[in-house]
Amino acid sequence: MSRFVSLFACILLIAMISACTADRVTLVRDGEARAVIHVPERLWADLDSPEPPIRRGAYPSPEDQQLRLRESVRDFADILQRISGAAVEIKVGPPDPADSRLPILIAELAERQFGKPQHSVRFDQGFRIVATDDAVGLVGESDLATSYAVYTLLDDLGCRWFLPGPLGEVLPAKQTIEIPKQDRSTGPYTYYRGVWYADNAYMRRNRLGGMRLAAAHTIEHTFPNALREKHPEVRAIINGQPHGTKIKWTHPIVTRFFIDTYRERLANDPSITTFSLSPMDGIGWDEEYDTQYDAGDVDASANVVSKTDRIIVMANRIAEGVTKDYPDVLFGMLAYVDYTRPPIRETVHPNVVPQIAPITYSRAHPMSYDGEPNNADLRYIVEGWGNVVDMTSYYFYGWFLAELSGPNPMIRKWSKDIPFVFEKGACRFWQPETITNFESSMHALHLGNRMAWDPSQDPDAIIDELHRKFYGHAAEEMAAYWHYVDHVWVDTPEYAGCGWGHLRRFTPERMRRMRELLDAGKAAARTDIERARIDLADKSLTLFELFMKMRHDLAEGRFANLAADAEHYMDRMRQLGEDHTEQYAFGRVHWGSHRNVNLSYFNSFYKHTYDDAARIANAHTLITPPLRVFRYKVDEEGIGEAGHWQAPDHDDSDWKTTDTAVDTWSSLGLHNYMGRVWYRTDVDVPTVEDGRRIHLWIGATDGSAKLFVNGRHVPWVNAEGESVEVFRGYARPASFDITDHVNQGDPNRVALLTHRLFINELGSGGLMSPVVLYAVNPE
């Protein structure tokens, strides 16, 4: 009886194995190739031409697509060999009936046997994967789509590319490669998916590209100066004066120029698929003619009337004039700064596609998080545009403006925001602004790529897979590290941009915990590739630890080494960018004075303060500890100076207090506020040697600062020796000579009137650093 049971079990097992095998097609068996790839002759006609860079340009030409598919097929064969050890041959032309190997047919060879894709995607991006006992077919509506089919098959096998270069590649190891029998016609959900900086292999393997919507800042740059001179009436009136560059968007001369220009370009090149109708970067537009088209909707994030309806008037007129003869061309139009909100009155032309670029909205927090002051408005924007157009482009920011060194995976933010824009915002073009920051934001970039391909995927599953496959034995520890970093960003009620809120976010206790978690990941790694991947995160955190050391040293009055630390930080950032060029990390780019985005920002926002603080500490004498705690009061109506709020005896007992080194206007509840805020504090000024001048130093402001000492106004003297009433600057230090206004050896009262006039950064304003007093060395 027992032998009968065993025999029955064996028969059942064999039957189950046979059934499974019958449902699968074998490409490689036990390290031996059972398949051969067949390509059409035209694909292999020119093997020497390099694949052109996959750039952020328009839809690739047929020639470029052919080269991309050629490289995809080469990569396909190479990857199959690296997975299994088996060399899979590539042959030109249809299969030989005498060849017993399974043919993998590419492009038109597959179409001849199986037919065209049964699912079409706009801009010829649909493809078909067929696997039978007789052949495997990979065919697309275009060569680009056939490339998608190649990498979809590899994706099914578990191949992943989390960041550019070999360090980001994860391939399964198996001597036998089988795929399910299938006949699948599909394609990407979005018409375009992209990142700004990566190599061709990363782009191809992650199925990026497609029909990129043109929406760059272009209107004012395209409109010729000769027309401005001939028709000065088209110049925008700003602050009562004609502007040198900005124009009246809706003026008939302006719209006629673009209609004629774009029609002429289409006549000369019918392959053009898209034009941009986006204005130049910045804020502040015509205050005379275009205002007739404003609908009165207020953009709270910029504190101005929304300009969306007026720009839609311009876009509609141009689109209407061009599409009469060119009905398929699309017009990308940024929804940005003070024209981010959806239109109130105007109906959008069907060929006008808004590209939502919410630069004045939440940087670190998911839009579902209601603690962020503008998230309700951001959701309204997404849903509002989704309700009035058939498709949108999303220009999310794949990094934290404008401070790149902080580790920032954006896990919860993009896990929430990306599904929302697909569900509610009609997103069909995924065009985020990204930078060379894979060391800090790999999670978000990978998540965006995969969700834009198929929004039905589970974001949590994508992130879990990243940790498992990328970090291997250290997956649990590195997941704990990255989720903790994400917690610091999301669960801190700080909404200011740049690094101004970092002392609130990244407390010493949190920085120590981040280091502990990362060190645990380093200890858990067992292979060289795991150690190298964790080393990338370790270098990122080490650099950020230096960044935060400088923030703390400034706050606590340790000025002497700030300039040297800043130089060391910049040198280290520059070197890491060079060392990790292949990974597109640490801000390295090919443009700009520093060839590094983070260095440009650091130099603009912090280095002036650090250099000047070190100058004071090393050349002069600090005579007070940092003044950080101030009483403050909002002066919305501008009545403070007339009301003598600067007077020593003014009653400020009901004023609130702030730490100017830690708090931002956002954390004080003034996130969107544009206006005046007063600061007051008391300071004991010691007696200094005769002949030494006493200066008051402000490390950084956002907007203007007017100083009063003991009720008397102290002018600021600029580098040319000119005395001015008010210091104006952003992220710049300022010294005031207060010698003739202080009472040495006695308490003194300092008052500062600050005024934020426009957005330099989200949630910043007023004093953004400590204040110190120093005695000038006469030498």
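This is a predicted model: local features need pLDDT of at least 70, side-chain atom pairs count only at pLDDT 80 or more; totals for chains, interfaces and linings use all residues.

Biologist: Why is Ser 147 called buried?

Modeller: Buried means under 20% relative accessible area. Ser 147 has 0%, so Ser 147 is buried. This residue lies in helix 4, residues 143–156.

Biologist: Which residues is Ser 147 in contact with, leaving aside its neighbours within four places in sequence?

Modeller: They are Arg 68, Leu 69 and Ser 72. What makes these contacts is the distance: heavy atoms within 4.5 Å.

Biologist: Now the rings. How many aromatic pairs are there?

Modeller: The count is 53 aromatic pairs. Take Trp 414 and Trp 430. Their ring centres are 5.4 Å apart, and their planes are at 75°.

Biologist: What makes Trp 414 and Trp 430 a pair, and why is the pair called edge-to-face?

Modeller: Centres must lie within 6.5 Å, and planes over 60 degrees apart count as edge-to-face. The centres are 5.4 Å apart and the planes are at 75°, so this is an edge-to-face pair.

Biologist: Where in the chain do the two Trp residues sit?

Modeller: Trp 414 is in helix 11, residues 411–424. Trp 430 is in strand 22, residues 427–430. They are 16 residues apart, and the pair links distant parts of the chain.

Biologist: How do you know whether Trp 414 is buried or exposed? And Trp 430?

Modeller: The cut-off for buried is under 20%. Trp 414 has a relative accessible area of 2%, so Trp 414 is buried. Trp 430 has 1%, so Trp 430 is buried too.

Biologist: What makes Phe 605 and Tyr 606 an edge-to-face pair?

Modeller: Their ring centres are 6.3 Å apart and their planes are at 90°. The limits are within 6.5 Å for centres and over 60 degrees for planes. Both values pass, so the pair is edge-to-face. Both Phe 605 and Tyr 606 are buried.

Biologist: How far from the ring centre of Trp 285 is Lys 246?

Modeller: Lys 246 lies over the face of Trp 285, at 4.5 Å from the ring centre. The distance rule asks for within 6 Å. Arg 74 lies over the face of Trp 44, at 5.8 Å from the ring centre.

Biologist: How do you know where empty space is left?

Modeller: Rolling a probe the size of a water molecule over the atoms shows it.

Biologist: What makes a space a cavity and not a pocket?

Modeller: In a cavity the probe fits but cannot get out, whereas a pocket is open. The search finds six cavities of 30 Å³ or more. The largest cavity holds about 120 Å³ of space. It has 14 lining residues, and the closest to its centre are Pro 358, Ser 362, Arg 363, Tyr 397 and Lys 413. Helix 11 gives the most to this lining, with three residues.

Biologist: What classes of residue line the largest cavity?

Modeller: The lining has 10 nonpolar, one polar and three charged residues.

Biologist: And how much space lies in the largest pocket?

Modeller: About 730 Å³. Of its 29 lining residues, the closest to the centre are Asp 281, Tyr 336, Ile 359, Tyr 397 and Leu 401. By class, the lining has 18 nonpolar, six polar and five charged residues.

Technical notes. Residues are numbered from 1 along each chain as its sequence is written. Side-chain values use heavy atoms; hydrogens and water are left out. On a 1 Å grid over the protein atoms alone, a cavity is a set of points where a 1.4 Å probe fits but cannot get out, and a pocket is an open set with protein on both sides within 12 Å along at least five of seven lines; lining residues have an atom within 4 Å of a point. Grid points are joined across faces, edges and corners, and a volume is the space filled by probe spheres set on the points. Ala, Val, Leu, Ile, Met, Phe, Trp, Tyr, Cys and Pro count as nonpolar, Asp, Glu, Lys and Arg as charged, and the others, Gly among them, as polar. Helices (H or I, at least four residues) and strands (E, at least two) are DSSP runs, numbered from the N terminus. Buried means under 20% relative accessible area, exposed over 50%, partly exposed in between (1.4 Å probe, protein chains only). Rings of Phe, Tyr and Trp (its six-membered ring) pair if their centres lie within 6.5 Å; planes under 30 degrees apart count as stacked, over 60 as edge-to-face and the rest as tilted. A charge sits over a ring if NZ of Lys or CZ of Arg is within 6 Å of the ring centre and within 35 degrees of the ring normal.
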